[in-house]
Amino acid sequence: MSTRYAHPARRLWPMLLLLLLALALRLYRLSAPSLWYDEGVTAAISQRSLADLARWTADDIQPPLYYVLVAGWTRLIGASEWALRFPSAAAGLLTLPLLLALHRRLWRLAAGPVAPSALPLLLLAACAPLWVYYAQEARNYTLLTALGALFAYLLLRVLTTSAPRPRRWLWLAAVLTAAAALYTHYFALFLLLALGLFYLLGVWLRRRADLRPRLVEAGLAGMATLLLYTPWLPFLLNRYRVDASYWQGPLKIGEALRHLAINVTLGAPEMMLEPAAVAWLPAWGLIVAAALIGLGLILGRPGNRRRAGLPALFLLLYLLLPTLLILLLAWRTPKFNPRYLMLVTPAFYLLLGGGLSSLWTWRNGRGRPLAGLLLALALLLSAQAVNNWFTDPAFAKADWRGVARYVDSHSQGSEAVILVSGHAFPVWDYYAPSRPPLRLPSFDVLDVNQVLGYNVATALQAQIAGRTGAWLVTWQDNVVDPVGFVADQLARVGAETPLTARFAQVGLRHFALPPGATFSAAPPLTVASDLTFGGQVRLLGWSQPAAAGAPTSTLRLEWQAVQPLAADLKLAAEIVDDQGQVWGRVADRRLAVYDFPTMRWQPGAPVFAVVPLPLWLGAPPGAYDLRLRVYAEGQTTALEAFDAAGRSQGSSVRLTGLQAPALVTQGPSGPLAPADAVTLSAALHLAPELSLDRAWLAPAAAEPGARLALGLWWRVGAAQPAVDYRLQLAWQAADGAIIPGPTLALARGWAPTAWPPQAQVLTLAAPSLPITATAGAWALRLTLSGSDDAPAGDAAILPLTALTSTRRFDAPALDIAVGAEFDGVLRLLGANLPPQPARPGQPWRVTLAWQALASPAADLGSFVQLLDANGRLRSQANRPPGDRPTRAWLPGEVVVATYDLDLAGDLPPGEYRLIAGLYDPDRSGLPRLRVQPSGQDVVELAHISLP
């Protein structure tokens, strides 16, 4: 697999066949896919006058040369999809001969007149998925790659040419090529820097006598390139300064490198799904490693070692330095796409092809089986990716053509088209020039800071009111309208028509609008609120959207950023009843939607979120509350909530009055049995029409008076129950003694006679083990009874163990005696305070001793607060007043609780007040208990001085 440079014709016909294969791959189905947005921009710009073309590109992220070439070409043969894409195919094909020339030139430097065959290189490059894909896209990437390869070849020629006169012509060609590359793509600068550095190092390493004139030539060439680019340089610098087409934030370097690897090897995600591509990366790693070994074997031969440095340096700088510089540029503004690094791929294929060819010839063919196998594997993977692109609809480009044709054939004359995002208008206008859209937002170049909100109502009212319908076309709406304000406005005044048609990567929805439709910029609130979380976000209110006149299983929250937010805030929530029993959990999520973190919110602009209410399977209809917490990502504690008067509402708030209109028949199966629960061994028929399918009781061992958790799943038979059954609990000791327990409704007041046949209904309860229970084996008996209190069937038995009580009734030693009584329920006996912190920034633990005056009817919460001299809250700790829920406390019982106060490092010195209190976390507004007889809702523990 070697050839002599003196006889290139020996390999000419296979190379011609491979070039024909490359041409066929690049022209096959060239016009079949729809143009997508970037290509639509090419179509729009290339049809402008040269002055308008220059003005547009000056405000865009791409310079003008490629568009000028396409403009000239399409003026000759028209602006069809095929014509727009052909320049890319042509540039992609021309890159292959340039690659062959680079291969020959590099091996002449490295190994003299004998070089490995270029056939593997040409075969890999002809079938390269990335090159095939971008050769069929009306964009500048293949032109940039070709110009970069040409500039690299010219520099190699300059470096190896001794005569000054030919060098001048080569320098002239290199300068023109470099300027053309810079006018094609801004990132060409990084490749020019890498290759320029290679030339300087190469001149120095060769230690020729003409070192000084060569350096002068290089300096003059650089200045000439800069001079040619000077007219455009201000636009480059301005674009770098004002470009807002991507979010700020740190680059995820691991993700970027992964995407780069799979893009270069398999063309993903345009040609292969990422999970499949990642699975094949080890195979590509093996191929690259073998190629590197092959290069090392041939370059490390005694006759080649002295000459191997320059080719190795060339490939390393060509491949790695632009990659590093582009990643550094994207470090803080991660506007990074792997296609931006297509300009370094010639070096990758030179390395790959040369290495496999070298391995093939190693030791008179001993490496041939391995080289052939790896080459076949690389071609097989490339063929799979290319086949995906040609045949699999999952990899189709955004189908703007299909959307435009569908709208044109199905719309009425009085219907409007709304385009979100508005900067996609070039590709829409290409396919639907007679249907100008309402562009939201109305910008020409994407600006991620212009996010739509309720202000879209003004534009809709001005341009859509009076229309009979609206077609909403969405693309990149996750950037400019991530929450869905436009669709929300249309749905609030009209009715959406379901569409069965689907289009690749482009959304299409249709809304019928009534006469006199009025769009409103006011958030639709059922319940207004003015709760603020941590001084960062405000909850303006909430509503429960209705469908067909009935509430749905979603909740609409209206948020507002109080200030610019540096943290990504999230919410966690539980669906509870008026007793605090949990009936479902909302998975932790961003406050609005995933694509709209709070760091992107504009202060003062309302943002809505539609939050699912995932009630557990079998949850009965009725009223529920949402217990809501807001926290910053990465933080374990929730933000403190404050009302309009600045009063703390604790770390969670309760949104009341949510409605479940019907029995929940789909959704999460229910709370999982805790690890320490006892479960029902088999389903039991406790009534003629009802069976108990599942049941658990937790924990399996508890102290007397402890509050337990009980979960029961009922299944209705073929007919509705004829009796409104109630659940009778009883506690049975090992000796058969019975302690009667409470009688419970099966479904929160929803009578069993209303249960539908075959339904599953969930009962959740929190019974307490009797305080009088002695240590030993016990069981909870469950029976159903009707109006006569007689058992309707068998009893279900759930065993448990009563432990020896650890309750205490004596007061501990206390530094501060208080003795304050809260509403005749709990008494604060006193407190223990540690030595005051030497300086702010240190945690401070406060210990309180509480005593039950009676068994509380609710599970109370407690707090300790540190207030400054102006009454401002400086630190707070919230928690239950003990480890056992207060409803399980016995009269006279004493419980000790600790509270850790976090003192901010910037807390100023001065006098502070330490106060404590109790509140009911299961009631709206977290009402505080009052100290009797003063009527105050807090007790002052101490005055402290902080240095």
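I begin with helix α16, residues 345-361: its 17 residues at 1.5 Å a residue should span 24 Å, and its end C-alpha atoms are 24 Å apart, which agrees. The expected span here is 1.5 Å times one less than the number of residues in the helix. Helices (H or I, at least four residues) and strands (E, at least two) are DSSP runs, numbered from the N terminus.

Two remarks on the basis of this talk. The model is predicted, so that local features need pLDDT of at least 70 and side-chain atom pairs count only at pLDDT 80 or more, while totals for chains, interfaces and linings use all residues. Residues are numbered from 1 along each chain as its sequence is written, and side-chain values use heavy atoms, with hydrogens and water left out.

To return to α16: 15 of its 17 residues are buried, so this helix is largely enclosed by the rest of the structure. Buried means under 20% relative accessible area, exposed means over 50%, and partly exposed lies in between, with a 1.4 Å probe and protein chains only. Just after α16, R363 takes a positive phi of about 50°.

Now the chain as a whole. It holds 22 helices and 38 strands. Of its 947 residues, 53% count as buried. Along the principal axes, the C-alpha atoms fill a box of roughly 110 × 70 × 60 Å.

I turn to the sheets. Two strands are taken as paired if DSSP finds at least two bridges between them. S862 has L918 as its bridge partner in β36.

A further open sheet has 5 strands, also with antiparallel pairing, in the order β35-β32-β31-β30-β37. Its edge strands, β35 (894-902) and β37 (931-932), each pair on one side only. Strands β31 (residues 826-832) and β32 (residues 843-852) run antiparallel and are joined by 6 bridges. For R827, the bridge partner in β32 is Q851.

Another antiparallel pair consists of β24 (residues 709-716) and β27, joined by 6 bridges. R715 has Q760 of β27 as its bridge partner. In β27 (residues 760-765), 5 of the 6 residues are buried, so this strand is largely enclosed by the rest of the structure.

Next, the charged pairs. A salt bridge is a side-chain nitrogen of Lys or Arg within 4 Å of a carboxyl oxygen of Asp or Glu, and by this rule the count comes to 37. Which parts of the chain does the pair of E39 and R85 tie together? E39 lies in helix α2 (residues 37-46) and R85 in helix α5 (residues 81-111), so the pair links parts that are 46 residues apart in sequence. Their side chains meet at 2.8 Å, N to O, and both E39 and R85 are buried.

R401 forms a salt bridge with E81, with the closest N and O atoms 2.8 Å apart. R401 lies in helix α18 (residues 400-410) and E81 in α5, so this pair ties together parts that are 320 residues apart in sequence. R401 and E81 are both buried.

A further salt bridge joins E893 and R884, whose closest N and O atoms are 2.6 Å apart. E893 counts as buried at 1% relative accessibility, and R884 is buried with a relative accessible area of 19%. Salt bridges that share partners also join E39, R85, E137 and K397 into one network.

I close with the surface. L197, L200, L201, W204, L205, L211 and L215 make a nonpolar patch of about 570 Å². The elements that give two or more residues to this patch are α10 (188-206) and α11 (211-229). Helix α10 supplies the largest share, 5 residues. Patches are made of residues with over 30% relative accessible area and no salt bridge, with like charges joined within 9 Å and nonpolar side chains (Val, Leu, Ile, Met, Phe, Trp, Tyr) within 5 Å. Accessible areas come from the Shrake-Rupley method with a 1.4 Å probe, and for residues only the protein chains shown count as cover. L201, in helix α10, is partly exposed, with a relative accessible area of 31%.
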